[in-house]
Protein chains: 2
Amino acid sequence: MATKKGGSFRVGDRIGRLAMLLSVAMNLVLLFRLHKGGIFADEAPLQRRPEELALRTCPVEMEAERREGTEKLPPPPRSVAENAVINLDHGDPTVFESFWKQTGEKGTVVIPGWRTMSYFSDAAALCWFLEPEFAAEVRRLHRLVGNAVSGDGRHVVVGTGSTQLFQAALYALSDGGDARDPPASVVSAAPYYSSYPAVTDYLRSGLFRWAGDAHAFKGESYIELVCSPNNPDGSIREAVLSSEAGKTIHDLAYYWPQYTPITDRADHEIMLFTVSKSTGHAGTRIGWALVKDREVARKMVKFIELNTIGVSKDSQLRAAKLLKVVSDGYELERADEHTDRLFDFGRRIMAARWERLREVVKASGIFSLPEFPDGFCEFTKERTGIYPAFAWLKSEKAEIEDLESYLRSQKILTRSGKHFGAGSNYVRVSMLDRDETFDLFLNRLSSLR
Amino acid sequence: MATKKGGSFRVGDRIGRLAMLLSVAMNLVLLFRLHKGGIFADEAPLQRRPEELALRTCPVEMEAERREGTEKLPPPPRSVAENAVINLDHGDPTVFESFWKQTGEKGTVVIPGWRTMSYFSDAAALCWFLEPEFAAEVRRLHRLVGNAVSGDGRHVVVGTGSTQLFQAALYALSDGGDARDPPASVVSAAPYYSSYPAVTDYLRSGLFRWAGDAHAFKGESYIELVCSPNNPDGSIREAVLSSEAGKTIHDLAYYWPQYTPITDRADHEIMLFTVSKSTGHAGTRIGWALVKDREVARKMVKFIELNTIGVSKDSQLRAAKLLKVVSDGYELERADEHTDRLFDFGRRIMAARWERLREVVKASGIFSLPEFPDGFCEFTKERTGIYPAFAWLKSEKAEIEDLESYLRSQKILTRSGKHFGAGSNYVRVSMLDRDETFDLFLNRLSSLR
């Protein structure tokens with residue numbers, strides 16, 4: 001199957017009118033729901049949702065896919081109605097689906113009923129719920145890509161996505177010795193990932209508390225979150241604070257060759273990664289941390305034990321298989337360089353999308369985007385641009401102060417800059433959706449003047 | 001394959017001396033580790049562990065199984081050294097492995113690389129990360145067994161094991177409206193599951209706080225945890241508190257026909273279940289809640305979104321398959337009643353184990369066990385006993401005040417009553433380990449006088 005770089009969209013030419021109707025209905029429900037109170041961590045606080053939302057209005061394409069169950073054949077591509085609500089609020093990495101369709105059965109995982117029934121993967125290991133074959137593929141992939149130090153001196157801790165690992169790291173780094181101690185201050189340089197404050201504070205923990213923009217922080221003792229390339233704006237970052245008592249967590253979810261040149265092998269105390277943004281498997285909920293200090297790793301394991309008594313072994317087995325396919329694509333002689341190389345596939349698509357987006361934005365006269373320097377990628381051995389997973393779009397028109405609302409009125413759902421510690425003249429837009437959605441987004445954006 | 005009811009164990013007759021040596025080495029490491037600071041949620045607080053524990057000393061049987069990967073053939077049975085440390089501290093449900101081996105490929109799940117990559121299972125649903133086929137099998141199984149009201153009026157919320165759902169329920173039931181409000185008091189009648197206090201308090205949440213034995217609680221406002229059949233003592237329970245402002249969470253993890261007669265269809269506000277104790281798949285980390293109130297369900301979903309952005313879809317697909325095999329075993333004409341009926345398999349083994357344990361305990365003169373009344377099971381349509389997943393063993397000898405220490409000196413690892421709000425003259429012993437381990441346990445117990 002050829003890589004889709006699609007431009008045109010053909011309403012209903014496969015699925016027919018019913019699909020379109022249902023699709024539109026679902027989009028309206030989604031729009032309404034997002035307006036009333038968010039689906040995701042970092043949105044509006046809990047609000048009562050009206051009963052109408054119980055309606056199950058999946059597009060028939062989704063139903064068809066579901067019925068197919070575990071059949072080997074991938075479902076046909078979805079069609080998107082031209083006037084549909086375009087949801088680019090989340091970083092749902094469905095752009096990678098077409099890669100995994102073209103790899104065929106290589107990425108299929110088979111788990112017999114009797115396998116991995118125990119809580120324990122290796123009862124004698126520090127991370128007793130870590131499947132050894134997953135850990136081995138993690139280390140292998142980092143060796144291949146060269147994006148992080150991952151040798152035997154580093155502890156691999158697996159988590160239910162990097163969100164759980166972020167909380168595990170806060171738990172491990174905050175000093176819980178004395179209940180009378182004030183909670184640790186958690187900071188990150190604005191604009192910061194909108195989940196950081198929400199996830200830090202939702203349980204009103206006495207161990208740690210969100211303390212806002214790292215640039216504005218005064219004090220010696222803190223936990224600084226460093227996301228690089230940064231969510232939402234794609235910038236390459238280092239810690240902005242420095243003190244003896246300060247601690248850092250490096251969120252490197254996007255430090256992969258499809259998004260940015262790999263300029264050096266990262267070597268920090270705690271580094272977080274996730275299959276969601278590396279292979280595109282958000283639904284698998286698997287992340288991992290590379291941790292220098294044994295005691296910190298042990299406390300992170302303790303958190304995950306208390307929080308969920310370990311991490312799905314099925315997803316670890318699947319993630320091991322997927323990471324193996326990615327490494328095999330570069331390391332095996334018989335691999336096909338056109339169909340088997342995830343990072344090439346990803347970079348090709350991301351570069352093309354960014355080029356098209358920049359053209360539309362330039363022509364609009366309404367918006368602007370950040371500029372990034374090229375860099376030499378040690379993985380591809382060539383100079384390459386930065387193509388972030390999100391576009392950090394800015395309104396350049398004085399009358400559009402609330403860019404999220406403006407775009408929502410155009411049926412484009414994005415996330416306001418205010419959730420990221422920035423102004424509401426910014427929004428974050430996912431660049432990771434399916435081709436059909438991205439094409440529709442560009443079409444609609446280019447119609448705005 | 002016939003059901004194993006094994007008695008004899010043959011040291012090394014398959015694996016040889018090396019396996020035995022490694023097995024003993026691992027057991028010693030485990031014993032040491034458990035002594036120094038626990039593997040699980042409800043054990044000793046964080047302590048520094050010496051570097052020796054980094055040793056990877058898996059028995060070669062485990063390594064062999066791992067190498068086999070996703071092959072279809074189950075591994076050969078493990079042998080257990082006669083002088084091995086017997087770890088019955090956790091409720092690791094490996095007793096069910098032999099059932100799933102005998103079902104063969106029926107329980108195998110196959111997941112292609114392109115499947116369930118999105119965060120969303122059904123973006124328009126209240127529980128947007130719940131796989132519809134898992135929810136359907138949950139409702140079907142409850143209809144079959146008759147152990148809980150699970151119709152369309154109930155919301156199914158999936159969690160990363162019932163531990164996550166327990167926290168989600170605390171989050172949903174505690175009134176987080178005002179940061180100056182005191183945390184909700186969380187109580188349970190002693191002896192209570194040792195994880196409840198640990199999991200309630202590990203983050204020092206300002207929303208809820210452990211308040212101990214429900215019998216001793218004074219006040220109108222509380223969240224009462226009701227576990228029935230109860231972990232650790234197997235008793236059938238109802239809430240002990242009652243007030244307008246009080247709330248309850250029913251943990252029904254063990255309310256299945258292999259453990260207890262199904263006397264009525266449970267119908268409470270929040271009911272928690274898990275595949276760990278129903279099908280035996282602890283490593284899959286899938287639990288579910290049946291929730292009456294829509295707003296409570298919505299807040300539980302919000303917690304899981306903030307905590308782990310949903311629940312592994314791979315594990316949901318696998319759990320759906322496993323629950324389907326269980327229901328098919330009773331509902332399909334072609335099912336084999338000797339090999340396909342999980343609850344029959346489980347009850348047969350549990351009844352036999354309890355009978356043998358009661359004999360040994362009676363003969364010992366040192367210990368005693370709780371007695372349970374028979375009951376009429378609406379599922380099997382016959383009178384049946386209660387065969388709990390744990391034995392709540394009591395020391396009847398004045399000189400054995402600390403029963404956990406005494407048994408540890410006999411290389412039997414159990415969990416002290418003091419973790420359950422009871423005396424240290426009690427221990428909880430898992431009844432769910434593999435046949436070889438249980439046989440060894442009985443042999444060693446019967447040698448004590």
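The model is predicted: local features need pLDDT of at least 70 and side-chain atom pairs count only at pLDDT 80 or more, while totals for chains, interfaces and linings use all residues. Residues are numbered from 1 along each chain as its sequence is written, chains are lettered from A and ligands numbered from 1 in the order in which they are written, and side-chain values use heavy atoms, with hydrogens and water left out.

**Chain A as a whole**

Select chain A first. It contains 12 helices and 16 strands; these are DSSP runs, H or I of at least four residues for helices and E of at least two for strands, numbered from the N terminus. Of the 449 residues in chain A, 64% are buried, where buried means under 20% relative accessible area, exposed over 50%, and partly exposed in between (1.4 Å probe, protein chains only). Contact means heavy atoms within 4.5 Å. Among the contacts in chain A with a separation of 6 or more, 74% join residues 24 or more positions apart.

Next, select residues 342–364 of chain A, which form helix H10 and include A:Val360. Is A:Val360 buried or exposed? A:Val360 is buried, because its relative accessible area is 13%. Leaving out residues up to four places away in sequence, A:Val360 touches A:Leu442, A:Leu445 and A:Ser446.

Now select A:Leu357. With residues up to four places away again set aside, A:Leu357 touches A:Leu369, A:Ala391, A:Met431, A:Phe438, A:Phe441, A:Leu442 and A:Leu445. The largest nonpolar core has 243 residues, of which A:Met300, A:Leu357, B:Met300 and B:Leu357 touch the most other members. Such a core is a set of buried Ala, Val, Leu, Ile, Met, Phe, Trp, Tyr and Cys residues joined through side-chain atoms within 4.5 Å.

**Aromatic rings**

Over all chains, the whole structure holds 50 aromatic pairs. Rings of Phe, Tyr and Trp (its six-membered ring) pair if their centres lie within 6.5 Å; planes under 30 degrees apart count as stacked, over 60 as edge-to-face and the rest as tilted. Select A:Phe120 and A:Trp128, a tilted pair with 5.2 Å from centre to centre and 50° between the planes. A:Trp128 counts as buried because its relative accessibility is 0%.

Move to chain B and select B:Trp392 and B:Phe420, an edge-to-face pair at 5.5 Å centre to centre and 75° between the planes. B:Trp392 lies in strand S13 (residues 390–395) and B:Phe420 in the loop between strand S15 (415–416) and strand S16 (426–430), so the pair ties together parts of chain B that are 28 residues apart in sequence. Both B:Trp392 and B:Phe420 are buried.

Return to chain A for a cluster linked by ring pairs: A:Phe134, A:Trp256, A:Phe273, A:Trp288, A:Tyr330, A:Phe343 and A:Phe379. Then select A:Arg428, whose charged end sits over the ring of A:Phe390, 3.7 Å from its centre. A charge sits over a ring if NZ of Lys or CZ of Arg is within 6 Å of the ring centre and within 35 degrees of the ring normal.

**A loop glycine**

Finally, select A:Gly246, in the loop between strand S6 (223–227) and strand S7 (247–251) of chain A. Apart from neighbours within four places in sequence, A:Gly246 is in contact with A:Glu220 and A:Tyr222.
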